[in-house]
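This report goes through one model for a reader who has not seen it before. It takes up charged pairs, then helix packing, then a few backbone details.

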Amino acid sequence: MKLALLGINYKNAQLSVRDQTSMTDVMKLDFFQKAEAAGVDQCMILSTCNRCEVYYLYEEEEKNQQIKKIYEEMFPEVALEEYLIMLQGEEAMAYLFRIAAGLESLVLGEDQILGQVKEALDYSRTMGYSGKELNKIVRDAITCAKRIKTELKISENPISVSYVGIRRLNEVCGIAGKRVLVIGSGKTAVLALKYIYEYQAGHVAACSRTYAHARMLRSEFENIEIISYEDRYQMMGQCDIVISATASPHLVVRRADYCPKQPLIFLDLAAPRDIDTAFADDPMVHLINLDTLQEIVAHNKKERECLLEKSRKMIEEELRETIVWLLQSRMDPTIDSLQQRCSAIAEDSYEYLNRKMELSAREQKLLKKVLHASLQRLLREPIRELKRLDTVEEQEEYKRFVEQLFQIER
């Protein structure tokens with residue numbers, strides 16, 4: 001039995017494609033049922049804004065094509081062929097371990113994905129489509145991820161300029177409850193908005209040179225106030241924090257055009273600069289720009305690279321144990337059959353002796369216990385040897401021998 005992965009993610013599919021391939025719980029259940037009908041009864045779906053991936057266990061190679069067909073038929077309006085990725089065996093397991101640890105996330109080391117993996121497994125198990133093997137693999141991945149986060153704390157060393165900037169803002173003045181103006185509506189501005197909302201900013205306003213672009217921010221941030229670009233200076237007088245992240249080749253906030261009357265924090269995330277460096281000499285202003293942030297980012301990047309290497313080694317160690325367990329679990333049905341055969345022999349022997357001898361209730365209990373223990377003792381070493389087999393070929397060969405010797409029917 002092997003683990004396989006099929007799906008798309010932010011690395012190989014743009015947002016417009018990911019938007020069309022998100023799965024609701026009803027769709028997941030539909031997928032599970034179709035996969036079961038195709039002979040795949042252990043399956044988990046991880047569907048987030050950045051990925052829609054199916055993890056499943058299979059025996060025959062042909063199942064992979066069947067699962068791929070089911071996946072593609074779930075989204076008939078999308079040409080998925082160029083976006084789909086498929087991993088199998090150890091490669092798929094290693095990928096799942098990295099996913100849980102946040103090493104495959106857009107924001108490296110982020111914590112949200114771990115909860116999403118847990119929820120995906122819980123749903124699969126609740127619906128009856130996650131058995132002993134898939135539970136073990138995913139839980140081991142979750143345990144490994146927790147260890148990495150606890151020991152290495154990768155997420156505490158961000159290398160995103162936006163995140164570092166917002167984090168620095170929070171250190172300087174505390175964002176919670178503050179009034180914030182964001183200038184810009186591109187990717188950097190959107191990231192900055194996400195982060196300041198995570199830090200529980202109070203009233204948030206935004207503007208952009210193109211008013212229609214700014215209005216589009218409401219689709220993601222419904223409580224945001226959109227103002228015209230020309231009113232930005234007036235709004236600054238009502239704010240504690242101003243964040244600028246435009247693609248303008250010129251300054252968008254000039255010292256000659258605005259003189260703060262109250263303390264104000266500027267965060268300039270643009271290159272070239274949006275905010276006049278002359279504000280640095282104003283006692284009412286605290287200016288943070290890329291010159292300040294790049295040193296933090298460079299330091300964090302070096303430390304992050306070191307931590308990533310450590311995390312990969314931790315994954316390799318724990319993954320090896322999971323792979324060994326999965327290989328050994330292939331022999332469980334044979335071992336169970338052996339134990340059942342011995343239990344049946346012990347029970348037959350007990351019934352025979354009990355009929356021939358006059359035994360007290362205590363002696364009957366003792367006799368039954370001794371017979372079962374003796375036969376289990378006989379099996380102990382053979383079972384250990386069966387669990388030590390480290391190739392599928394050896395396992396299949398021994399299965400045939402055991403079934404023939406003990407007359408076990410498949």
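How many salt bridges does a search of the whole structure find? The search finds 19 salt bridges, a salt bridge being a side-chain nitrogen of Lys or Arg within 4 Å of a carboxyl oxygen of Asp or Glu. The model is predicted, and local features need pLDDT of at least 70, side-chain atom pairs count only at pLDDT 80 or more, and totals for chains, interfaces and linings use all residues. Residues are numbered from 1 along each chain as its sequence is written, and side-chain values use heavy atoms, with hydrogens and water left out.

Helices (H or I, at least four residues) and strands (E, at least two) are DSSP runs, numbered from the N terminus.

**Helix packing**

Axes are lines fitted to C-alpha atoms, for helices over the stretch in contact, and angles run from 0 to 180 degrees between N-to-C directions. A crossing is left-handed if the near helix is turned anticlockwise from the far one by less than a right angle, and right-handed if clockwise.

| Helix pair | Axis distance | Angle | Crossing |
|---|---|---|---|
| Helix 4 and helix 6 | within 8 Å | roughly 45 degrees | right-handed |
| Helix 5 and helix 6 | within 11 Å | roughly 160 degrees | left-handed |
| Helix 7 and helix 8 | 9 Å | about 40 degrees | right-handed |

Angles under 35 degrees count as roughly parallel, over 145 as roughly antiparallel, 65 to 115 as roughly perpendicular and the rest as oblique. Helix 4 and helix 6 are therefore oblique to each other. By class, the contact of helix 4 with helix 6 has 10 nonpolar, no polar and 2 charged residues. Here Ala, Val, Leu, Ile, Met, Phe, Trp, Tyr, Cys and Pro count as nonpolar, Asp, Glu, Lys and Arg as charged, and the others, Gly among them, as polar.

The axes of helix 5 and helix 6 cross at roughly 160 degrees, which makes helix 5 roughly antiparallel to helix 6. Helix 5 contributes Leu114, Val117, Lys118, Leu121 and Arg125 to their contact, while the residues from helix 6 include Asn135, Arg139 and Lys146. In the contact of helix 5 with helix 6 there are 6 nonpolar, 1 polar and 5 charged residues.

Helix 7 (residues 161–173) and helix 8 (residues 187–198) are likewise oblique to each other. Ser162, Tyr163 and Ile166 of helix 7 meet Thr188, Leu191, Ala192, Tyr195 and Ile196 of helix 8. The contact of helix 7 with helix 8 divides into 6 nonpolar, 2 polar and no charged residues.

**Backbone details**

Helix 6 (residues 132–152) has 21 residues and reaches 30 Å from its first C-alpha to its last. That is close to the 30 Å expected at 1.5 Å a residue, where the expected span is 1.5 Å times one less than the number of residues. Lys153 follows helix 6 and has a positive phi, near 55 degrees.

Gln200 is not a glycine, yet has a positive phi of about 65 degrees. Gln200 lies in the loop between helix 8 and strand 6 (204–207). Ala271 and Pro272 are joined by a cis peptide bond, with omega about 0 degrees. Pro272 belongs to the loop between strand 9 (264–268) and strand 10 (285–288).

Conventions
Contact = heavy atoms within 4.5 Å.
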